[in-house]
Amino acid sequence: MIIASSRRLGALALAAAFTVGACSGSASPSPAASTAPGASAAASPAMTGPAAPSGDVSLAGAGATFPGPLYQVWVEKYAAVHPNVKIDYQAIGSGGGIKNITAQTVDFGASDAAMKDAEIAALPAGTKILHIPTALGAVVFIYNLPGVTELNLDGPTAADIFLGTIKKWNDPKIAALNAGATLPGTDIVVVHRSDGSGTTNAFTTYLGAVSDAWKSGPGVGKDVKWPTGIGATGNDGVAGGVKQTPGAIGYVELNYATQAALPTAKLKNADGAFVAASVDGVTAAADASAASFPADFRAEPIINGAGVATYPIAAYTYLLVYADQKDQAKGQALVSFTYWALTDGQADETGLGYAPLPKAVQDKALAELHTITSGGTPIWP
């Protein structure tokens with residue numbers, strides 16, 4: 001009951017915070033968010049960006065909670081420059097974002113998991129969806145273990161915890177990874193997502209890569225049949241459930257761990273190093289894989305990338321956009337906002353715990369904006 005109450009309150013607070021118009025009434029981000037170093041460079045000064053519409057326009061979007069805090073900042077900052085454009089983004093999970101964009105009940109969706117072939121096939125006839133990458137993030141293990149401030153995990157051990165075969169914190173497999181630590185005999189309580197989630201997709205992709213038992217059992221996807229644990233909605237719901245439950249472990253995007261002041265486990269990477277989740281660790285994974293970014297933009301999570309500093313679970317997050325916009329003014333507003341996010345907005349990412357796009361991917365995303373049309377005519381030629 002504690003987790004459910006926290007989940008409802010967290011979801012209501014997050015949804016309320018994302019409705020932004022000409023005057024923002026939601027909580028302001030930390031000062032570091034707008035001055036964070038390390039973002040990828042904005043577009044060349046020689047590039048002329050797409051114009052915003054001159055009249056009043058409202059855009060409705062819904063989807064991933066993973067980039068929610070980042071999108072909140074972006075919507076507020078964009079609205080300050082273009083007060084005639086109002087953007088309402090509801091963080092309801094990647095599964096909800098794909099469902100709503102398919103049903104054409106929103107102007108744009110958002111997902112941390114690229115749409116699958118079957119989901120694309122389910123789109124209304126003649127509809128094409130573009131995947132526009134906006135950021136990358138780390139999926140981290142959060143835990144609530146009083147007295148234990150540092151924890152090492154490797155893939156097989158983590159998979160056994162979420163399979164329910166490791167039930168106690170002082171299990172020999174965990175103890176072997178944490179020499180010298182005093183681990184209690186507390187029961188492990190797994191907290192997982194209950195909604196369709198791109199965070200879950202990245203997390204289960206990792207578990208499937210490191211554990212045959214996971215791959216052949218619960219499997220990989222936005223929504224799986226969990227062998228054990230308690231479900232919660234959204235990254236904020238999982239963070240709240242872990243924070244309120246001694247002995248709990250869960251998985252969230254890095255920003256949510258920071259916001260909840262929860263410790264994160266160091267994870268053994270492909271080079272055998274135990275690394276804490278960080279923007280630098282995600283950037284290393286993204287830079288190493290940027291050359292293989294797919295032509296259709298539907299990149300898989302970056303799992304166990306090479307490099308001693310690379311964090312093992314990193315993923316892109318996407319805006320899902322209709323290739324042809326039925327409403328020209330809305331299409332113009334969406335292209336203008338997305339261009340701003342891909343250029344000026346990248347500077348906000350590091351301070352909020354996200355990794356900016358690699359330059360090669362950023363360039364591809366900007367080029368993709370030129371393909372968005374309204375009535376067959378490019379919005380930004």
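This is a predicted model: local features need pLDDT of at least 70, side-chain atom pairs count only at pLDDT 80 or more; totals for chains, interfaces and linings use all residues.
Taken as a whole, the protein chain contains 13 helices and 15 strands, and of its 381 residues 56% are buried. Among the contacts in the protein chain with a separation of 6 or more, 78% are accounted for by residues 24 or more positions apart.

Among the strands, three form an open sheet of mixed pairing, in the order β6-β10-β11. Its edges are β6, residues 152-153, and β11, residues 274-275, each of which pairs on one side only. Between β6 and β10, the latter spanning residues 266-268, the pairing is in the parallel sense and runs over two bridges. Within this part of the sheet, Leu153 is found opposite Leu267 of β10.

The next feature is a pair of helices. Two packed helices are described by the angle between their axes together with the distance between those axes. For helix α5, residues 155-163, and helix α7, residues 198-210, the angle is about 115 degrees and the axes lie 9 Å apart, while the crossing of α5 and α7 is left-handed. On the α5 side the contact involves Gly155, Pro156, Ala158, Ala159 and Phe162, which meet Phe203, Tyr206, Leu207 and Val210 of α7. Sorted by class, the residues in this contact of α5 with α7 are eight nonpolar and one polar, with no charged residues.

Is Ala261 buried or exposed? With a relative accessible area of 62%, Ala261 is exposed, because exposed residues are those over 50%.

Asn304 likewise is not a glycine, and has a positive phi of about 55 degrees; this residue sits in the loop between β12, residues 302-303, and β13, residues 313-322. Its relative accessibility is 27%, so Asn304 counts as partly exposed, a class that lies between the limit of under 20% for buried residues and that of over 50% for exposed ones.

Notes: Residues are numbered from 1 along each chain as its sequence is written. Side-chain values use heavy atoms; hydrogens and water are left out. Helices (H or I, at least four residues) and strands (E, at least two) are DSSP runs, numbered from the N terminus. Buried means under 20% relative accessible area, exposed over 50%, partly exposed in between (1.4 Å probe, protein chains only). Contact means heavy atoms within 4.5 Å. Two strands pair if DSSP finds at least two bridges between them. Axes are lines fitted to C-alpha atoms, for helices over the stretch in contact, and angles run from 0 to 180 degrees between N-to-C directions. A crossing is left-handed if the near helix is turned anticlockwise from the far one by less than a right angle, and right-handed if clockwise. Ala, Val, Leu, Ile, Met, Phe, Trp, Tyr, Cys and Pro count as nonpolar, Asp, Glu, Lys and Arg as charged, and the others, Gly among them, as polar.
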